[in-house]
Amino acid sequence: MCSTPPPAARRWDGSPVHVPARRSLRVAPDAVSRLLRCGQSDRCRDCGNRIEWYQRGRHSAVRLHPGEVLVSAVPAACRWHVSSGVAHPSHDGTPWCRLPHAVLCPARPVPQAAPELTELRRMLAVNTRRLIDAGAFTPPPAEPACNPAPAASGCRPARPTVQILYVRYLAARPVEEIQCVAQTRRRHRCTSPVLTSSTRGGQWSLMPVAAHAGQLAPAAETMAVYSLATLPYAEQLRWRSQRCPQHSAIPTAADLAVAEWKPFDPLLHSDHIHTRMPTLRRRGGTAGRPRWGVRV
């Protein structure tokens, strides 16, 4: 009779103590996605708890809780399952299911549709407090509200709208803080930004708020967009793949994280529409820095 091997040891925050040696994988340069179809481990930037990124068909990636939960403890609208590395928002008939991290994140308001997950949410909140006390996690600062009054000074968009190859995307962080998603030789995420001092940046400009087919006309007529239309085609591809210049020249290097671009929707992302240009001060010797538009 074969004995059951003991579970892998984990630290107090849930991360594995020892990661066994893995065989290096080479991803085809002409693949649709250079990210391997498996759960990409990460940490929530709002609460610091562990999450896993999964692709969901033709849509963008979704953040799932790393552990499985009994179906009886999860509402039907929150049940997910993973098949062949792709996440599907439904139940596959097994007693276990996955659920999105958004319904458990202690940094978000308590969802009204999932009272059964109160205990698991409380455990994640306790773990967040432990990470903060240990100095392993720092909560993000509250986003300053931008005052649209003419007399007020301009603000820096925390999630700017970037236009790449004539398609608008909503960034997850300011332009100069967008980080490369490639994997280094030590199997860590590259710490270099996409916008470096040796490369050209885009230009802020006011553009019309284009509504999608079948949508009502937005309230704002124009919005501030960080446009990359003046950059070469290869440079815009590098931005869309969210890679630094060094890893852009190495197509065989796999991605360790999912690109944080989200297709911009004027109705879903109406809170991130800024009708005024950023009024950041330009630094001396800003070769390669983004050219901030004039104040309007």
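A salt bridge here is a side-chain nitrogen of Lys or Arg within 4 Å of a carboxyl oxygen of Asp or Glu. Searching the whole structure turns up six of them, and the views below visit some. This is a predicted model, in which local features need pLDDT of at least 70, side-chain atom pairs count only at pLDDT 80 or more, and totals for chains, interfaces and linings use all residues. Residues are numbered from 1 along each chain as its sequence is written, and side-chain values use heavy atoms, with hydrogens and water left out.

**View 1. Asp 133 pairs with Arg 129.** The closest N and O atoms of this salt bridge are 3.7 Å apart. Both residues belong to helix H1 (residues 118–133), where a spacing of four residues separates them by about one helical turn. Helices (H or I, at least four residues) and strands (E, at least two) are DSSP runs, numbered from the N terminus. Asp 133 is exposed, at 58% relative accessible area, while Arg 129 is partly exposed, at 47%. Buried means under 20% relative accessible area, exposed over 50%, and partly exposed in between (1.4 Å probe, protein chains only).

**View 2. Arg 238 meets Glu 235 in a salt bridge.** Here the closest N and O atoms lie 2.5 Å apart. The two residues sit three apart in helix H2 (residues 233–241), about one turn of the helix, and both are buried.

**View 3. Arg 243 and Asp 255 join their side chains in a salt bridge.** The N to O distance is 2.5 Å. Arg 243 lies in the loop between H2 and helix H3 (245–248) and Asp 255 in the loop between H3 and strand S12 (262–263), so the pair ties together parts twelve residues apart in sequence. Arg 243 is buried, at 1% relative accessibility, and Asp 255 is buried too, at 11%.
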